[in-house]
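Please keep the structure in view while I talk.

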Amino acid sequence: ERAIIPFAISKLLFLVCQVKNVELRFKDFRKESFKNGQYFICYLYRQIMPFIAEKIENEALKPSWLITHTFAVFSREAAALSYSQDLYQTPIYFYKF
């Protein structure tokens, strides 16, 4: 996360809920290495999705999974598609690399 308010809220929730199996960092993921990653979960804007897909394809461990909320990676076909039970039936896309 690189926006301070969502980061602070998430960090607080992680502390309150005692989440220990997720690491949250205040960094720009575009500058980070994905070489040790295998599972990626994101809620990003449409224009950045091709970039993250390419970064996973080129750097991440194989097989890797990208789970994205709301915005699809139009250059790839999702391995699975689900819809959340919210008011908007928001799509959740699952991509295997």
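Let me begin with a definition: a residue is called buried when its relative accessible area is under 20%, exposed when that area is over 50%, and partly exposed in between, using a 1.4 Å probe and protein chains only. The model is a predicted one, in which local features need pLDDT of at least 70 and side-chain atom pairs count only at pLDDT 80 or more, while totals for chains, interfaces and linings use all residues. Residues are numbered from 1 along each chain as its sequence is written, and side-chain values use heavy atoms, with hydrogens and water left out.

With that settled, we can turn to the rings. Phe34 is buried, with a relative accessible area of 8%, whereas Phe29 counts as partly exposed at 24%, and Phe51 is also partly exposed, at 34%. Rings of Phe, Tyr and Trp (for Trp, the six-membered ring) are taken to pair if their centres lie within 6.5 Å, and a pair is stacked with planes under 30 degrees apart, edge-to-face over 60, and tilted for the rest. By that rule there are six aromatic pairs. One of them joins Phe29 and Phe34, a tilted pair with 6.4 Å from centre to centre and 35° between the planes. Phe29 and Phe51 make another tilted pair, at 6.3 Å between centres and 55° between planes, and this pair links distant parts of the chain, since Phe29 lies in the loop between helix 1 (4–16) and strand 1 while Phe51 belongs to helix 2, 22 residues apart. Helices here are DSSP runs of H or I with at least four residues, strands are runs of E with at least two, and both are numbered from the N terminus. Ring pairs link Phe29, Phe34, Phe40 and Phe51 into a cluster.

Which order do the strands take? Four strands form an open sheet in the order 1-2-4-3, with mixed pairing, where two strands pair if DSSP finds at least two bridges between them. Strand 1 (39–42) and strand 3 (80–83) stand at the edges with a single partner strand each, so one side of each has no neighbour in the sheet. From one strand to the next, the twist averages 15°. Strand 1 pairs with strand 2 (residues 65–69) in the parallel sense over four bridges; Trp65 is the bridge partner of Tyr39, and Ile67 that of Ile41. Tyr39 and Ile41 make up the uncovered face of strand 1, while Phe40 and Cys42 make up the covered one. In general, side chains in a regular strand alternate between the two faces of the sheet.

Helix 2 (residues 49–59) lies across strand 1 and strand 2, running at about 165° to strand 2; contact means heavy atoms within 4.5 Å, and the angle, on a scale from 0 to 180 degrees between N-to-C directions, comes from lines fitted to C-alpha atoms, for helices over the stretch in contact.

That brings me to the core. A nonpolar core is a set of buried Ala, Val, Leu, Ile, Met, Phe, Trp, Tyr and Cys residues joined through side-chain atoms within 4.5 Å. The largest one has 17 residues, of which Met49, Ile52, Ile56, Leu66 and Tyr95 touch the most other members. Strand 1, helix 2 and strand 4 each supply at least two residues, and helix 2 gives the largest share, four residues. Most residues other than glycine have a negative phi, and most peptide bonds are trans. Gln18 has a positive phi of about 55° although it is not a glycine; Gln18 sits in the loop between helix 1 and strand 1 and is exposed, at 59% relative accessible area. Gln89, in the loop between strand 3 and strand 4 (91–96), has a positive phi near 50° and counts as partly exposed at 40%. A cis peptide bond joins Lys62 and Pro63, with omega about -5°, and Pro63 is placed in the loop between helix 2 and strand 2.
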